[in-house]
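I wanted to see who pairs with whom.

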Amino acid sequence: RHMSFVQSVHGVRYQSKDVARAVAFYTQHLGFTLKHQQPPAFANVTLGDTAILLSGPGASGSRPMPGGQQQEPGGWNRVVLKVADLPGFIAQLKSAGVRFRNEMETGPGGRQIQIEDPDGNPIELFEPAH
């Protein structure tokens, strides 16, 4: 019998330079709910069953690696949010000053675009093909 130590996905961790600013972005622009915070080090925002764990300066989840490498925001791995009316949502986010990484792409599975949170962490907005 094989024992599984992994029980579930706890969340997606993003590094943040300003946790309060990140919480405002996720709750005001993307509809997340603030579940828990310990400013300035940490906050947990949720959407349905998905949690984004925002680790600020001094948080245990943002401390340097043993070799000294700093954990930094950004990169290309990302959370993907399923949305309705992607063009309408893009217009709303652009009017709010949200940063976009690219223009909307269309493929056989649907349409997507990448935005950034205030720290440069990527978020993909995806509208499945009908």
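Is Glu127 buried or exposed? I looked it up in this predicted model: Glu127 has 7% relative accessibility, so it counts as buried.

Next I checked its partner. Glu127 makes a salt bridge to Arg111, with the closest N and O atoms 2.6 Å apart. The two sit 16 residues apart, Glu127 in strand β9 and Arg111 in strand β8, so I noted the pair as a link between distant parts of the chain. Arg111 comes out partly exposed, at 26% relative accessible area.

Then I ran the search over the whole structure, and it gave five salt bridges.

Entry on Arg21: I found it in a salt bridge with Asp119, closest N and O atoms 2.5 Å apart. Arg21 belongs to helix α1 (residues 19–29), while Asp119 is in the loop between β8 (110–116) and β9 (122–128), so this pair ties together parts 98 residues apart in sequence. Asp119 is buried at 11% relative accessibility, whereas Arg21 is partly exposed at 36%.

Entry on Arg99: its side chain meets that of Glu116 in a salt bridge, 3.5 Å from N to O. This pair also links distant parts of the chain, with Arg99 in strand β6 (residues 99–100) and Glu116 in strand β8, 17 residues apart. How accessible is Glu116? I got 19% relative accessibility; the cut-off for buried is under 20%, so Glu116 counts as buried. Arg99 is partly exposed at 41%.

Notes:
Residues are numbered from 1 along each chain as its sequence is written. This is a predicted model: local features need pLDDT of at least 70, side-chain atom pairs count only at pLDDT 80 or more; totals for chains, interfaces and linings use all residues. Side-chain values use heavy atoms; hydrogens and water are left out. A salt bridge is a side-chain nitrogen of Lys or Arg within 4 Å of a carboxyl oxygen of Asp or Glu. Helices (H or I, at least four residues) and strands (E, at least two) are DSSP runs, numbered from the N terminus. Buried means under 20% relative accessible area, exposed over 50%, partly exposed in between (1.4 Å probe, protein chains only).
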